[in-house]
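I opened this structure to take some first notes. My entries follow the order in which I looked things up.

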Amino acid sequence: MDPEGQRKAQQRADRIVAFRAELDELEREQGLTLTADQRSHLQTHHERVLATLSRQFGAEIDESARRVSWGMRVATLLGGVAFFAALVLFLHRIWGVMPTWSQTTVLVAVPLLLLAVAEYTFHRQTASYYTALLALAAGVAFVMGLTFLAGTFNAAPSAHALLGWAAVGLLLAYAYGRRLLLAAGLVLICAYTASLWVTAGGGYWASFPAQAGGLIPAAVVGYALPGLRPHRDPHGFDFVYRFCGATVALLALLILSKRGDLCCSALPASLRETVYQGVGMLGSVAVMFHGLRLGRGGLVNLGAGAFVVFLFVRLHAWWWDWMPKYLFFLLLGLIAVALLLVFRRTRTRLAERARP
Amino acid sequence: MNPSSHPGTPLHAERRPTCPPAAASAVGTPRPTNFLRRRPLVLAAAAVMLVSNLWVLISAQRNRAEAVGGTVELTERELELPPRFGDSTVLLLNLRWDVPSANPEEDPTFDWLTEAKFTELGFDCQIAPTLPEARDHYASQLPVPVYVVLEYAGAAWKARRDDSGHKTRLLAVDAGRDPHSLRQKYPDATRYVICRGVVRISLQERNYRDGTPLVPPRLRGRLEVIPSQIFVPSPYCRLLQGWQVRDGEALEESGREPRYAAKVSWGARYEPWIQGVRELPATGTSPKAP
């Protein structure tokens with residue numbers, strides 16, 4: 001079942017339910033009164049639409065149906081995790097008696113099998129949630145399988161595994177319209193490019209988190225990609241690109257502000273810290289304003305949260321050593337209140353922008 | 001069902017999301033899945049999975065084509081049996097090796113990891129350890145991948161002042177960026193193993209024993225062998241699992257003689273594999289060092 005169609009059908013069903021509740025309220029307040037014919041016609045029309053949405057798209061048309069659906073999803077998730085754990089523990093139990101060829105077959109076949117089942121459920125037009133869960137399970141099984149296969153042959157860890165995992169995550173994300181898989185793929189791509197950066201400098205690839213500067217180029221490209229050309233975005237992927245890009249870049253700047261080894265090594269360590277934290281704060285503000293411009297509350301929240309973190313880290317570096325601790329925390333509290341006022345005003349602007 | 005094919009519905013106003021049409025006569029079938037676009041993506045994902053796994057298998061095959069890294073028979077001293085974890089029959093032996101230090105109790109560091117060796121391995125040692133900026137300089141340097149030379153029961157082990165007979169006889173005696181040069185320097189592949197590793201550099205400013213300031217500070221290295229555990233294939237698992245207990249005691253702590261020996265080879269990619277495992281006689285003797 002097409003996830004985009006399901007999402008839009010659910011949005012329509014939610015609007016109808018909300019409309020009905022508001023109409024009842026308006027009639028009680030005598031703000032609007034429909035004639036009996038109008039009410040009957042409207043009722044019939046809405047019932048027909050809701051029945052169609054429920055039948056063809058599986059939309060939940062009332063609160064009780066929604067609760068049951070959530071219960072089914074939780075049960076499915078827990079059941080899926082339990083089955084997965086049972087399979088892993090069973091394989092652990094029998095692994096030692098299995099010949100190498102059968103171990104290899106299991107590790108290669110399980111992710112492919114899960115992918116095949118995900119494709120089958122998609123083709124049968126079952127609820128997109130189950131397809132998403134199976135696609136995610138296929139991705140996780142591939143990561144685990146490749147790791148265990150390398151361990152079976154005592155292979156040295158390789159950065160190219162990150163590329164394989166990222167490729168599968170991105171391909172499955174676009175195949176099934178799943179944002180979580182896209183986010184995982186984008187983060188892995190950033191990690192892979194950072195590991196290449198470290199390797200090119202003669203370092204050990206797995207130490208790329210320590211030289212976080214290598215994460216920034218891919219993160220910036222990921223953030224900029226949605227804006228490079230006009231296109232349709234039925235699954236909301238643009239937001240994922242921007243959110244992941246901004247998160248990785250800001251996190252890299254935070255790490256750099258403590259290590260400071262990307263550049264400016266001629267500067268004293270304290271000045272390097274200040275430079276990176278200043279860049280981080282500016283970047284956070286830029287993300288906030290870009291989020292406001294796009295009407296994306298998630299980006300605004302990310303920028304705001306990152307700004308607060310960078311600010312508090314900088315204040316800690318400036319004040320902690322010499323300021324009385326009670327005064328330090330008092331000032332932090334006052335700054336937090338000031339930031340709340342600023343964010344409140346920002347939220348108002350965001351709400352105004354969202355109105356048609 | 002394509003919402004854009006029903007322009008008469010009120011929900012096609014600007015900035016309002018499209019959705020399935022409302023009128024009963026306009027209700028159609030669910031929007032068809034885009035078969036031509038989605039299926040190639042799924043097939044590509046499956047292909048990536050297959051190719052990735054195939055790559056690992058081919059690399060393993062190439063590694064085992066020739067034991068360039070050396071072949072030695074190691075005992076329980078060097079291949080520690082870990083405690084059993086639950087019902088798991090997965091078995092990985094811990095590779096235990098040591099450092100040839102003139103005074104291992106007081107200074108367990110590598111005597112051969114000098115400033116010249118650090119420079120040879122690719123570290124930037126231009127800043128003198130006594131300068132104020134030395135701490136940040138050496139703390140910011142990333143670990144470097146190297147090839148490590150492990151000597152089995154050789155001169156370095158014999159030179160140890162104290163050996164109760166239960167400590168590992170595998171000692172790290174050298175490292176370099178080029179494995180072929182190392183093999184030329186240590187040609188005996190039955191005594192010297194060349195394997196992969198990682199070296200980290202740091203500035204030692206205090207004595208390890210009592211924490212007093214070290215004057216002058218000096219450069220120190222940490223070495224890690226990769227992988228640090230060796231997978232035991234199934235034909236040999238059964239022998240070793242008989243000795244595996246939940247809360248196992250290390251050989252060194254127990255004071256017993258090693259119970260098994262394993263023939264381990266390091267191949268063309270300097271990755272190890274176990275070629276055979278045998279039980280050692282329980283008389284207290286262990287295979288003589290070559």
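Leaving aside its neighbours within four places in sequence, which residues is A:Leu133 in contact with? I found A:Thr76 and A:Leu77, where contact means heavy atoms within 4.5 Å. A:Leu133 belongs to helix α5 of chain A. I also checked A:Ile94, 39 residues away from A:Leu133 along the chain; the C-alpha atoms of the two are separated by 27 Å.

A note on the ground rules. This is a predicted model, where local features need pLDDT of at least 70 and side-chain atom pairs count only at pLDDT 80 or more, while totals for chains, interfaces and linings use all residues. Residues are numbered from 1 along each chain as its sequence is written, chains are lettered from A and ligands numbered from 1 in the order in which they are written, and side-chain values use heavy atoms, with hydrogens and water left out.

**Entry: where the chains meet**

I looked up the contact between the chains. Chain A puts in 64 residues and chain B 61 residues. Together they bury about 5200 Å², 65% of it on carbon and sulfur atoms. Buried area here is the accessible area (1.4 Å probe) that two parts lose on being put together, summed over both. On the chain A side, A:Phe153, A:Asn154 and A:Tyr204 lose the most area to chain B, together 12% of what that side buries.

I then counted polar links. Twelve residue pairs are in polar contact between chain A and chain B, both residues at pLDDT 80 or more. A polar contact is a pair of N or O atoms within 3.5 Å; within protein, one must be able to donate a hydrogen and the other to accept it, and residues adjacent in sequence count only if both atoms are side-chain atoms. In chain A, α4(A) gives the most to the side that touches chain B, with nine residues. Helices (H or I, at least four residues) and strands (E, at least two) are DSSP runs, numbered from the N terminus.

Two salt bridges run between chain A and chain B. The term needs a side-chain nitrogen of Lys or Arg within 4 Å of a carboxyl oxygen of Asp or Glu. One joins B:Arg38 to A:Glu119 at 2.2 Å, N to O.

Over all chains, I found 15 salt bridges. B:Asp174 and B:Lys117 form one of 2.8 Å, N to O. B:Asp174 sits in strand β5 (residues 170-176) and B:Lys117 in helix α2 (residues 115-121) of chain B, 57 residues apart. Are they buried or exposed? B:Asp174 is buried at 3% relative accessibility, and B:Lys117 is buried at 10%. Buried means under 20% relative accessible area, exposed over 50%, partly exposed in between (1.4 Å probe, protein chains only).

B:Glu271 and B:Arg269 form another, with 3.2 Å between the closest N and O atoms. B:Glu271 is buried at 1%, whereas B:Arg269 is partly exposed at 28%. Shared partners join B:Lys117, B:Glu120, B:Asp174 and B:Lys185 into one salt-bridge network.

**Entry: strands of chain B**

Chain B has seven helices and ten strands. Strands β6 (residues 192-206) and β7 (residues 213-226) run antiparallel, joined by ten bridges. Two strands pair if DSSP finds at least two bridges between them. B:Ser202 has B:Arg220 in β7(B) as its bridge partner. The side chains of B:Glu224 and B:Arg200 also meet, in a salt bridge of 3.1 Å, N to O. B:Glu224 lies in β7 and B:Arg200 in β6, so the pair ties together parts 24 residues apart in sequence.
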